[in-house]
Amino acid sequence: MNFEYSDKMKDLIARLEAFMDEHVYPIEKERNEWVHAEANLWKAWPKMEALKEKARAAGLWNLFMPAEYEKFSPGLTNLEYAPLAEIMGRIPSCSEIFNCSAPDTGNMEVLARYGTPEQQEQWLKPLLDGSMRSAYVMTEPQVASSDATNLEMTIFPDGDDYVINGRKWWISNIKHPNCELMLVMGKTLLDNPRHTQHSTIIVPRNTPGVEIVRPLSVFGAVHSPGGHAEMLFTNVRVPKSNIILGEGRGFEIAQGRLGPGRIHHCMRSIGQAQRALELMAQRVDSRTAFGRKLSQQGSIRQDVAKSFCEIEQARLLTLKAADSMDRYGNKVAKDLIAAIKIVAPKMAQTVADRAIQSFGGMGVSGDTPIANIFTVNRFLRLADGPDEVHMAQLGKLKIAEYNK
Ligand SMILES: Cc1cc2nc3c(=O)[nH]c(=O)nc-3n(C[C@H](O)[C@H](O)[C@H](O)COP(=O)(O)OP(=O)(O)OC[C@H]3O[C@@H](n4cnc5c(N)ncnc54)[C@H](O)[C@@H]3O)c2cc1C
């Protein structure tokens, strides 16, 4: 085991940190105020495109794309990407600057891995280029969607087309003005076994019959400009060539898509937790109550110490999962991916909770990033599969393994 970063990684980490210091931290407050102003609802932040250009020019672009898709990738392994995702994660909304934000990253990986050359030319290219955004359309309000075999949307062949009908919700990023592409999952082969009934298909956002019913809020925030929405698909028609990998392969694609996506979220959660801890340490050392600095209170020191231990534990587990994905592939690494998805958002939520407490009333306000870090990590315990589903799968795997 070698805990030392290579020279290549030291250089990339230093360049990314310098970019964050020069271009991203200074505009964090301004960006948040702009996107939260009512007049700017569902509008893209005007300075984003210029920042993206700067990041691309600095060679900090598409860093997430695994080295195995060489023709699309800057060539980093998951292990190499981990510290970079952590640095970007310190500001939850900033991965877009580096074209490394969900749900685009997962959609790009699907198209890189399973797309036809024509699908890659039409859809992957603009996504890699950052000129287009996208959404992943899976969850449905009327069924327990944590079990994806429940999904009821229909994708039926009709002549040269597929016709899509159904209701979806929690579709992130669909309100973004540049969102032009959806990867949609639904049922095609009703007589097949449960895991081979579903298909994934490319649907351009502006296809007739695609309707946004309403935006959804997360703890009262609508997360403009991308948002999350409930959607209705009524006789939506797309050419047969839009199917990805073939009929009945949707479940397999969802599994392949969510593995790397989950670990990316975890890497960012660790960055958020680290930032909350640093802010907490600075706050308690600058605030006096009952005649002593808060940092001199034993309970506060315990909160800092516990947070440090938990972040280090989660970071090591994430790096181990990333290393296992690189060495043995996502399928073999599924136990560690599940483990870190269970651990990281909960850890970050707990650290943010302690930081909120140490800030007093300011902790729940929008004056620090901590309240946002708390809510982001709370919803990450549901998004990409609830904690319990990962625990059920991990428990089953380990029971089988230890009974061999
Ligand atoms: C902010 C946010 C963004 C999202 N973005 C997207 C998106 O872009 N695209 C998309 O398709 N979806 C998205 N989702 C949806 C998300 O993936 C689902 O909410 C999640 O998979 C759970 O599905 P469900 O809501 O239907 O819950 P259900 O399936 O109804 O589950 C409810 C609860 O039951 C419990 N449960 C389930 N299975 C078990 C079990 N085996 N053992 C014990 N308890 C269990 C869990 O506590 C779970 O939370 C998003 C969700 C949120 C909150």
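Biologist: Which backbone does a nitrogen atom of the ligand sit 2.8 Å from?
Modeller: That of Tyr136, through a polar backbone atom. Such a polar contact is a pair of N or O atoms within 3.5 Å; within protein, one must be able to donate a hydrogen and the other to accept it, and residues adjacent in sequence count only if both atoms are side-chain atoms. Keep in mind that this is a predicted model, where local features need pLDDT of at least 70, side-chain atom pairs count only at pLDDT 80 or more, and totals for chains, interfaces and linings use all residues. Residues are numbered from 1 along each chain as its sequence is written, and side-chain values use heavy atoms, with hydrogens and water left out.

Biologist: What about the backbone of Trp170 and the ligand?
Modeller: A backbone N or O atom of Trp170 is 3.0 Å from a nitrogen atom of the ligand. The protein buries 69% of the 980 Å² that the ligand exposes when taken alone (Shrake-Rupley areas with a 1.4 Å probe).

Biologist: And how many residues surround the ligand?
Modeller: There are 20, counting a residue if one of its heavy atoms lies within 4 Å. Tyr136, Thr139, Ser146, Trp170 and Ser172 are the closest.

Biologist: Which strand gives the largest share of that shell?
Modeller: Strand 3, with three residues. Strands here are DSSP E runs of at least two residues and helices are H or I runs of at least four, numbered from the N terminus.

Biologist: Why does the ligand lie between domain 2 and domain 3?
Modeller: Because domain 2 (133-249) and domain 3 (251-402) both give residues to its shell. The bounds come from an automatic or database domain assignment.

Biologist: New topic: is Thr188 buried or exposed?
Modeller: Thr188 is buried, at 8% relative accessibility. Buried means under 20% relative accessible area, exposed over 50%, and partly exposed in between (1.4 Å probe, protein chains only). Thr188 is in the loop between strand 4 (179-187) and strand 5 (198-204).

Biologist: What does its side chain touch, then?
Modeller: The side chain of Thr188 makes a polar contact of 2.6 Å with the side chain of Ser199. A polar atom of the Thr188 side chain is also 3.1 Å from the backbone oxygen of Ile155.

Biologist: Last one: which residues of helix 2 are buried?
Modeller: Glu28, Arg31 and Val35. On the other side of helix 2, Lys29 and His36 are exposed.
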